[in-house]
Amino acid sequence: MKAAVYRRFGPPEAVRIEEAATPLPGRNEVLIKVHASTVSAADHRARGRDVPRGLGVLAAPVLGIFRPRRRVLGMDVAGVVEAVGAAVTKFQPGDAVIAMLGASFGGHAEYACVPADGAITAKPRNMTFEDAVTLVFGGLTARVFLSRAGIKPGGRVLVNGASGAVGTAAVQLAKQLGAHVTGVSSGTNPDLVASLGADRVLDYAAVDVTTEGGTYDVVMDCVGNLPFERAAALINPGGALLLVVADLEAILLAPWRSRASGKLVTAGSVTYTPEDLAFLVRLAEHGHYRTVRDRSYDLADVVAAHRFVDAGRKRGNVVLRMPASSAARKS
Ligand SMILES: NC(=O)c1ccc[n+]([C@@H]2O[C@H](COP(=O)([O-])OP(=O)(O)OC[C@H]3O[C@@H](n4cnc5c(N)ncnc54)[C@H](OP(=O)(O)O)[C@@H]3O)[C@@H](O)[C@H]2O)c1
């Protein structure tokens, strides 16, 4: 099969298209013929070993020390089940699915294996593979963090980084919960963020959220510039700070800060479940969740896709199309 392989940490050019062995599904695994994946912030971080301060040592067992441990990036896939392991009963060849591979990566290839009891579920019937895959990375992350906050109808939520993959999902999911949502983005994206349901959009170049006067029940930081020290005063008593991006110190101090402040402070990695993925699919099928796809690249143009993601300005998701799906699209 063709795969986008990186054998050294480095810039986008570290990734090359190579022939690789097609994986074989284990007893409890599903082999997916991948139609689409995304190039995400996680791919950028893994490829460049660009992790928040202090997390390099903790990330080493996952990413590798001297060279990449997983040579194919891509945390998410949308595709069709090609084969299943002997013990798999939930899926069968021909099923259209979406799945989160998480820290195992491997989605930037024509085939990928996923545990059958992992975060895999039927693809939304009303979406193309390219659109469906955009539910996975940002949608699951936003869903897990927001679930920790116990948002109530009318609750006031601030989403910092509202135009990215996690932020565009968070704005929509918080609105679904009945919250009053304020999104923070650059001055080029207020229309996008408002179109997802945000009640207010602040341009971070024009307004400092920490001094503009708003207070919130939940502050969600998808950028990394609203740590506890800056955000605490914005959060109402009993509220929550969701640190999607956090350095080691912030992760270690989160439980203590929660106890000391009476405000939930939560950070760290996310456990991805099929139930959360199925929840997003149901929303999408009922027309309550919109995909935000900035642009799509063919696998052959994977370096260009990484360059675009590295610029840090993507709107929602950048999709990578696999060769067979490109051919199908053109036919
Ligand atoms: N904890 C976890 O398990 C977990 C899971 C997934 C992702 N993450 C992390 O979460 C972060 C966000 O991921 P993502 O996929 O949403 O990234 P993304 O798609 O690259 O989005 C980041 C967004 O931040 C915005 N931004 C840049 N500077 C900003 C500022 N000063 N104020 C407000 N917004 C700003 C950019 O929008 P504009 O162009 O509008 O500025 C961009 O769209 C990444 O660092 C990722 O590694 C963590």
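This is a predicted model: local features need pLDDT of at least 70, side-chain atom pairs count only at pLDDT 80 or more; totals for chains, interfaces and linings use all residues.
Q: Let us start with the ligand. How many residues surround the ligand, and which are the closest?
A: The ligand is surrounded by 28 residues. The closest are Arg45, Ser186, Tyr204, Arg313 and Lys314.

Q: And by class, what is in that shell around the ligand?
A: The shell has twelve nonpolar residues, 13 polar ones and three charged ones.

Q: Which polar side-chain atom lies 2.9 Å from an oxygen atom of the ligand?
A: That atom belongs to the side chain of asparagine 189.

Q: What about a nitrogen atom of the ligand, and which residue lies 3.0 Å from that?
A: Valine 244 does, through a backbone N or O atom.

Q: How much of the ligand does the protein bury?
A: Taken alone, the ligand exposes 930 Å², and the protein buries 86% of that area.

Q: Which elements give two or more residues to the shell?
A: They are α1, α4 (137–149) and α5 (165–176). The largest share, three residues, comes from α4.

Q: Staying with α4, at what angle do α4 and α9 cross?
A: Their axes cross at roughly 110 degrees and come within 10 Å, where α9 is the helix of residues 274–285. The angle makes α4 roughly perpendicular to α9.

Q: Which residues meet there?
A: On the α4 side they are Gly139, Leu140, Arg143 and Val144, and on the α9 side they are Asp276, Leu277, Phe279 and Leu280. By class, this contact has five nonpolar, one polar and two charged residues.

Q: Now to α1. How far apart are the axes of α1 and α10?
A: The axes of α1 (residues 41–48) and α10 (residues 302–310) are 10 Å apart, and the helices pack at an angle of about 100 degrees. Why are they called roughly perpendicular? The label applies to α1 and α10 because of that angle, as angles of 65 to 115 degrees count as roughly perpendicular.

Q: Which residues make the contact, and what are their classes?
A: Asp43, His44 and Arg47 of α1 make the contact with His306, Val309 and Asp310 of α10. By class, there are one nonpolar, two polar and three charged residues.

Notes
Residues are numbered from 1 along each chain as its sequence is written. Side-chain values use heavy atoms; hydrogens and water are left out. Axes are lines fitted to C-alpha atoms, for helices over the stretch in contact, and angles run from 0 to 180 degrees between N-to-C directions. Helices (H or I, at least four residues) and strands (E, at least two) are DSSP runs, numbered from the N terminus. Angles under 35 degrees count as roughly parallel, over 145 as roughly antiparallel, 65 to 115 as roughly perpendicular and the rest as oblique. Contact means heavy atoms within 4.5 Å. Ala, Val, Leu, Ile, Met, Phe, Trp, Tyr, Cys and Pro count as nonpolar, Asp, Glu, Lys and Arg as charged, and the others, Gly among them, as polar. A residue is near a molecule or strand if one of its heavy atoms lies within 4 Å of it. A polar contact is a pair of N or O atoms within 3.5 Å; within protein, one must be able to donate a hydrogen and the other to accept it, and residues adjacent in sequence count only if both atoms are side-chain atoms. Accessible areas come from the Shrake-Rupley method with a 1.4 Å probe; for residues, only the protein chains shown count as cover.
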